[in-house]
Amino acid sequence: MATKPSKSAPTKGVDSRIADNKKALFNYAIEERFEAGMVLEGWEVKALREGKVQLTDGYVVIREGELFLIGCQINPLNTASTHVSPDSVRTKKLLLHRDQISRLIGKIEQKGYTLVPLNLHWKNGKVKCEMALAKGKAEHDKRDSIKEREGKREVERAMKSRSR
């Protein structure tokens, strides 16, 4: 007999977002995207199900041929076990194929490239981190992004008022 999944737990086969890093798309020009698995503790998975995560200050580093997510804050639930001491800013290991990591190392050694986490999401019952190989935007590029976004809003407002 199959059990009904709880509403907070992800269902198998369904992708759902946990957290987005909206600052990353504004501050960086995205070159290439990657999806990596994450090594998490039990209390972190429970907190992710409740959406208690902040990704905006996070970044990815490569140490000794392995990827680590730093600055991603997962706030523990009040109901966390008494024998576990949760660390909300613990460095989390990211899981990626060896050949992908070596390719990333080659690209990051080029001037100006960095790895930025874009979002955390569920995929087949597992937590995945989508990260991007990105280059920092200059101040004038950020202003161009703002102008473009404002222009799109104006067009949408005009179309909306015209259709009424």
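View 1. Helices are DSSP runs of H or I with at least four residues, strands are runs of E with at least two, and both are numbered from the N terminus. This is a predicted model: local features need pLDDT of at least 70, side-chain atom pairs count only at pLDDT 80 or more, and totals for chains, interfaces and linings use all residues. Residues are numbered from 1 along each chain as its sequence is written, and side-chain values use heavy atoms, with hydrogens and water left out.

View 2. Helix α2 spans residues 42-49, and its buried residues are Trp 43, Glu 44, Ala 47 and Leu 48. They fall within an arc of 140° seen down the axis of α2, so they line one face of the helix. The arc is that of the directions from the helix axis to the C-beta atoms. Gly 42 and Lys 46 are exposed on the other side of α2. Buried means under 20% relative accessible area, exposed over 50%, and partly exposed in between (1.4 Å probe, protein chains only). The cover over the buried residues of α2 includes β1 (16-20), β3 (53-54), β6 (73-74), β7 (92-95), β8 (113-123) and β9.

**View 3. Glu 130 in strand β9.** Strand β9 (residues 126-136) holds Glu 130. Glu 130 counts as buried because its relative accessibility is 14%. Its side chain joins that of Arg 33 in a polar contact of 3.0 Å. A polar contact is a pair of N or O atoms within 3.5 Å; within protein, one must be able to donate a hydrogen and the other to accept it, and residues adjacent in sequence count only if both atoms are side-chain atoms. Not counting residues up to four places away in sequence, Glu 130 touches several residues, including Arg 17, Phe 34, Val 116 and His 121. Contact means heavy atoms within 4.5 Å.

**View 4. Glu 32 and Lys 107.** The side chains of Glu 32 and Lys 107 meet in a salt bridge (3.5 Å, N to O). Glu 32 lies in strand β2 (residues 28-38) and Lys 107 in helix α3 (residues 98-108), so the pair ties together parts 75 residues apart in sequence. A salt bridge is a side-chain nitrogen of Lys or Arg within 4 Å of a carboxyl oxygen of Asp or Glu. The structure holds 11 salt bridges.

**View 5. Glu 148 and Lys 152.** Glu 148 forms a salt bridge with Lys 152, the closest N and O atoms being 3.8 Å apart. Both lie in helix α4 (residues 139-163), four residues apart, about one turn of the helix. Both Glu 148 and Lys 152 are exposed.
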